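Please keep the sequence and the structure in view while reading.

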Amino acid sequence: MEQLQDALFFEQVPAAWTKRAYPSMYSLGLWYSDLLLRIRELEMWTNDFQLPAAVWLGGLFNPQSFLTAIMQTTARKNEWPLDKMCLSVDVTKKTREELGGAPREGAYVHGLYMEGARWDTQTGQLSESRLKELTPMMPVVFVKAIPVDRRETKNIYECPVYKTKQRGPTFVWTFNLRTKEKPAKWILGGVCLLLAV
């Protein structure tokens, strides 16, 4: 009880809660607000059991399972082997509010932030970050599954996606993003996508 009281006093998420919760670097007040947003998102999703127009990827407890489900659904539908599938990512120019509905295959995801660079919506590729923009928000991203042999490999940066700014154990997936520059530039800059900032 003393540890719980100390954590609440210092505006920290109690250790007993973090053991059972999703990874987060928020203070207690922000963490609680984020938890309420996640619950609201899931309640809206489960009211009619339809895939929303855009899924808040960071709001899922296990985003890897959602991305794997996209691959499994496409593989089953087209009778392709799952081990020869990969995810294809297409960054749109739209926001969540501009979407009409969910796509036939794959899913629109939102709530991604980029660290170390920014997405240029005019050219449709990675570019240098602007001053004082540490983690700009990404537009809606269309994620679909394709066979590995159809994957683009030219002018692509394999951008890692993490749940929080704490890298390593919070790794989710790798999204292939278009770039004019060599991938080494973005690797040296530590460019990644984050689900929460």
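## The sheet

Four strands make up an open sheet of mixed pairing, in the order S1-S3-S7-S2. At its edges are strand S1 (55–56) and strand S2 (85–91), each of which pairs on one side only. Strands (E, at least two residues) and helices (H or I, at least four) are DSSP runs, numbered from the N terminus. Two strands pair if DSSP finds at least two bridges between them. Strands of a sheet pair through backbone hydrogen bonds, either parallel or antiparallel.

S1 and strand S3 (residues 107–110) run parallel and are joined by two bridges. Trp56 has His110 in S3 as its bridge partner.

## Basis of the model

The model is predicted: local features need pLDDT of at least 70, side-chain atom pairs count only at pLDDT 80 or more, and totals for chains, interfaces and linings use all residues. Residues are numbered from 1 along each chain as its sequence is written, and side-chain values use heavy atoms, with hydrogens and water left out.

An unreviewed UniProt entry places the feature "domain: Dynein heavy chain C-terminal" at residues 1–195. UniProt positions are given in the numbering used here, feature names are shortened, and annotations may be inferred rather than shown by experiment. Residues 1–195 are 29% helix and 24% strand, and their end C-alpha atoms lie 32 Å apart.

## Aromatic rings

A search of the whole structure finds six aromatic pairs. Rings of Phe, Tyr and Trp (its six-membered ring) pair if their centres lie within 6.5 Å; planes under 30 degrees apart count as stacked, over 60 as edge-to-face and the rest as tilted. One of the pairs is that of Trp45 and Phe66, which is edge-to-face, at 6.2 Å centre to centre and 80 degrees between the planes. Because Trp45 lies in helix H3 (residues 28–48) and Phe66 in helix H4 (residues 63–78), this pair ties together parts that are 21 residues apart in sequence. Phe66 is buried, at a relative accessible area of 13%; buried means under 20%, exposed over 50% and partly exposed in between (1.4 Å probe, protein chains only).

Tyr162 and Phe171 have ring centres 5.8 Å apart and planes at 70 degrees, so this pair is edge-to-face. Tyr162 is buried, with a relative accessible area of 13%, whereas Phe171 is partly exposed at 36%.

## Charges over rings

Trp17, Tyr22 and Trp31 form one aromatic cluster. Arg38 lies over the face of Tyr22, 3.5 Å from the ring centre. A charge sits over a ring if NZ of Lys or CZ of Arg is within 6 Å of the ring centre and within 35 degrees of the ring normal. Lys185 is placed over the face of Trp186, at 5.0 Å from the ring centre.

## Cysteines

How many disulfides does a search of the whole structure find? The search finds zero, a disulfide being a pair of cysteine sulfur atoms within 2.5 Å. For Cys86, the nearest cysteine sulfur is that of Cys159, 16 Å away. Cys86 is buried at 9% relative accessibility.

The sulfur of Cys192 is 6.3 Å from that of Cys159, its closest cysteine sulfur, which is too far for a bond. Cys192 is buried, with a relative accessible area of 0%.

## Positive phi in loops

Glu11 is not a glycine, yet it has a positive phi of about 60 degrees. Glu11 is found in the loop between helix H1 (2–9) and helix H2 (15–20), and is partly exposed, at 39% relative accessible area.

Phe49 has a positive phi near 55 degrees. Phe49 lies in the loop between H3 and S1 and is exposed, at 69% relative accessibility.
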